[in-house]
Amino acid sequence: MYSIELTYNGERINSITISPSNSNVNIGRNENNDLIVASNIISGNHAEIKLINNTLYITDKNSTNGTFINNQRINPGQPNEIFGKTVFLSGANGIQIIAKSTSSSNQNQSIKEDGENLGKKILQQLESKSTIIIGRSETADVLINNSLVSRNHTKIIKNGNKYFIEDLGSMNGTYVNGQRISGKKQIGSDDNIIIGRIRFTLGGLTIDISKEIAIKTIGLVKKFSNGKIGLHETSIEIPSNSLLAVMGPSGCGKSTLLKSLNGESPGTSGAVYIGGQELNANFDYLKMQIGYVPQDDIVHRELTVNESLWYAGKLRLPNFTDEQLQAKINQVLEELNIAHIKTNQVSAISGGAKKKSFNRS
């Protein structure tokens, strides 16, 4: 059972319950609708919501101002899933539709401790419904309260004896076996899934990556193409939440070690683990978790600070909209108290400001 709420500017204006016995809800300005919205931005018969196999769908009825899911206008006459998504009638300044689960069997479950069996919780919920939402929202079926997790991050679907996972346009992505997914992907009980800093399988225990050994190398060696050894066999462990300084004379291999640890110049043998994840196999995920301050600034001196950060952000944060990216740039510059240099050319700012701007972001 679900509740369907209509809100405008954050205030509820109407609501209704949808269930298997009352599985159709019509929305519009006309009095024959189940949810009536007395606004000239809403068409007489604007949209219809249906509950099919415990999944909610919305269909636009060829309305004048459209129906939008995750800021994209949907095609009239075509059903679209809505649970866990941002839905508006007549655009982002129009009427928002919020779908909430009200069944007691669907109460969300919070992941709080390392070792909790997230996979088991997911499978338990999929016994009574075909789709569950994982995210930071209080309305999610499984709640992971972490800033790296989007409000509605991922959904897992059961279809017969098969399970599928689909990212819901999350900011930081959903990873299966170290690779960021797009669209729907089938998963098995042994596939490693990472959401934020949580790694789990449907058939095993949950692991909080941030509590693992931060960096570990096993027999790491770097040999250059000219035959010289840049890094002799090295095995180290660096605990999480610790600070370590690597010191030595010029040419002893400090930079070679760091570049092997961050994936810029991988070792020729041995292995590197970051948060318990092997670097090469999980580089798609780990590259977003690693920060590195190079010895020399790698920036275009002729660009402004804002332009340089913009292009770097486009490469590192491909899922950000232009508005989100600019907001992030503004936030970083404000936090570092250097917003005043935003329009300055890189060549005109100090070395310290360069380090702050381009290594913090």
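Start by selecting residues 154-159 and 162-167: these are strands S15 and S16, which pair in the antiparallel sense over 6 bridges. (Strands are DSSP runs of E, at least two residues, numbered from the N terminus; two of them pair if DSSP finds at least two bridges between them.) Thr154 sits opposite Asp167 in S16. Now go to the hairpin, where 2 residues lie between S15 and S16 and Gly160 takes a positive phi near 70°.

A word on what you're looking at: this is a predicted model, where local features need pLDDT of at least 70 and side-chain atom pairs count only at pLDDT 80 or more, while totals for chains, interfaces and linings use all residues. Residues are numbered from 1 along each chain as its sequence is written, and side-chain values use heavy atoms, with hydrogens and water left out.

Now select Ile27, Ile49, Leu56, Ile58 and Ile97, which touch the most other members of the 26-residue largest nonpolar core. (Such a core is a set of buried Ala, Val, Leu, Ile, Met, Phe, Trp, Tyr and Cys residues joined through side-chain atoms within 4.5 Å; buried means under 20% relative accessible area with a 1.4 Å probe, protein chains only.) Strands supplying at least two residues each include S1 (2-8) and S11 (95-101). A second, separate core of 19 residues includes Ile144 and Phe200.

Last stop: Glu5, in strand S1. Buried or exposed? Glu5 is buried, at 13% relative accessible area.

Technical notes: Helices (H or I, at least four residues) and strands (E, at least two) are DSSP runs, numbered from the N terminus. Buried means under 20% relative accessible area, exposed over 50%, partly exposed in between (1.4 Å probe, protein chains only).
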